[in-house]
Amino acid sequence: MENDIQIIESNKNPLKNHQNAITESKRIGFPVMLKAASGGGGRGMRIIRKPSELKNTFYEAEREAKNAFGDGTLFVEKFVEDPKHLEVQIVADNYGNIVHLFERDCSVQRRYQKVVEIAPSLGIKKKVKERLYEYAIKIARAVKYNNVGTVEFLVDKNDNIFFIEVNPRIQVEHTVTEMVTGVDLIAEQIKIASGANLDFNQDDIHLNGHAIECRINAEDPSHNFRPSPGKITGWLPPGGPGVRVDSHVYTGYEIPPFYDSLI
């Protein structure tokens, strides 16, 4: 890449059918992963280890993506075995000022959906973290980014770093970053949108301890964790020093069947 940041090899030609997917997958090299082009959260994602798996899997993933996002377009990319999924929180104003707020580890996932997030990450070498920060700011600067956002990476067992995507928005897991840095990311987003300069620089950002976020979902574990809409008959959130709860629910709230199961 122009900025010396590796990306994961993906298809060069559109995937109109499973035959296109087989051709592109052979060029990339198995194993590969199918992904929905119009959304995330694990919808439409499938690991493919050999060509014979692609026919039925392609159309299953296409239907799932269509139902979830209204667009069944898929792409295929090289599958990185046993990676760490790390993301760097950035804040950038309209005047070229960009800082990072360190990293989060969101490697604990179920069906490619993040369920536990930790800030900062554990077991990652300092030099790898510093490269992640450098790459995140390079990418933000290259596209003249202005907003809060997250730059996401995979890190393999040999400490190779692969850029995945930029999430140009507040993420569910922004809370752990707020807890360990003391920066109110929502307030910063509003200030940036109003045209204000960042009133802090990189040297002002410090880590204070660790934070762990658990996503609580309305799902039925006895039926493969399928979404379980219905009425919340009791709501008693945890409390105490250092405990934070972000949710929209309350006793008597009806969980609808139309959205993500996260509560």
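Analyst: In the largest nonpolar core, which has 32 residues, Val91 and Phe153 touch the most other members. A nonpolar core is here a set of buried Ala, Val, Leu, Ile, Met, Phe, Trp, Tyr and Cys residues joined through side-chain atoms within 4.5 Å; buried means under 20% relative accessible area, exposed over 50% and partly exposed in between, with a 1.4 Å probe and protein chains only. The model is predicted, so local features need pLDDT of at least 70 and side-chain atom pairs count only at pLDDT 80 or more, while totals for chains, interfaces and linings use all residues. Residues are numbered from 1 along each chain as its sequence is written, and side-chain values use heavy atoms, with hydrogens and water left out.

Two or more residues of this core come from each of strand 4 (84-92), strand 5 (98-110), helix 3 (126-142), strand 7 (147-155), strand 8 (161-167) and helix 5 (185-193). Helix 3 gives the most, with 8 residues. Helices (H or I, at least four residues) and strands (E, at least two) are DSSP runs numbered from the N terminus.

Leaving aside neighbours within four places in sequence, Phe153 is in contact (heavy atoms within 4.5 Å) with residues including Leu86, Val88, Leu132, Ile139, Ile161 and Phe163. Apart from this core lies another, of 14 residues, among them Ile22, Ala36, Ile48 and Ala65.

An open sheet of 3 strands has the order 2-1-3 with antiparallel pairing; two strands pair if DSSP finds at least two bridges between them. Strand 2 (46-48) and strand 3 (74-78) are the edges, each with a single partner strand, so one side of each lacks a neighbour in the sheet. Strand 1 (residues 32-36) pairs with strand 3 over 5 bridges, and Ala36 stands opposite Leu74 of strand 3. Helix 1 (residues 18-28) lies across strand 1 and strand 3, at about 20 degrees to strand 3; axes are lines fitted to C-alpha atoms, for helices over the stretch in contact, and angles run from 0 to 180 degrees between N-to-C directions.

Elsewhere, strand 6 (residues 113-119) and strand 9 pair in the antiparallel sense over 4 bridges, with Cys214 of strand 9 as the bridge partner of Val116.
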